[in-house]
Amino acid sequence: HFSAWILLNGGTDRECQVMDISSHGAKVVVQIPSDVPARFELSFLQNDRKRRICEVIWRRGKMLGVKFTT
């Protein structure tokens with residue numbers, strides 16, 4: 001488990017916890033799931049320019065399953 005940041009256009013970055021990750025996607029836990037849009041950017045280091053574009057595949061409580069897109 002490690003921290004990452006969900007980057008929201010025009011909003012405050014949200015810290016999340018990455019519970020599982022693969023080359024195709026990840027399972028993340030967020031505090032307020034309703035604040036997370038269907039598509040967002042994920043950064044593994046705060047203020048890092050290297051980011052992964054994510055699409056939410058499923059939501060279960062505070063847990064989100066995302067796939068990495070290009």
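## An aromatic pair

One aromatic pair is present in the structure; rings of Phe, Tyr and Trp (its six-membered ring) pair if their centres lie within 6.5 Å. The partners are phenylalanine 2 and phenylalanine 44, 6.0 Å centre to centre, with 55° between the planes. That makes the pair tilted, since planes under 30 degrees apart count as stacked, over 60 as edge-to-face and the rest as tilted.

Phenylalanine 2 lies in strand β1 (residues 2–7) and phenylalanine 44 in the loop between β4 (39–43) and β5 (52–60), 42 residues apart. Strands here are DSSP runs (E, at least two residues), numbered from the N terminus. Phenylalanine 2 is partly exposed at 35% relative accessibility, and phenylalanine 44 is partly exposed at 26%; the term covers values between buried (under 20%) and exposed (over 50%), with a 1.4 Å probe and protein chains only.

## About the model

This is a predicted model, in which local features need pLDDT of at least 70 and side-chain atom pairs count only at pLDDT 80 or more, while totals for chains, interfaces and linings use all residues. Residues are numbered from 1 along each chain as its sequence is written, and side-chain values use heavy atoms, with hydrogens and water left out.

## Neighbouring strands

Let's turn to the strands. β4 and β5 run antiparallel, joined by four bridges; two strands pair if DSSP finds at least two bridges between them. Glutamate 41 has isoleucine 53 in β5 as its bridge partner.

Seven bridges join β5 to the antiparallel strand β6 (residues 63–69), where leucine 64 stands opposite arginine 59.
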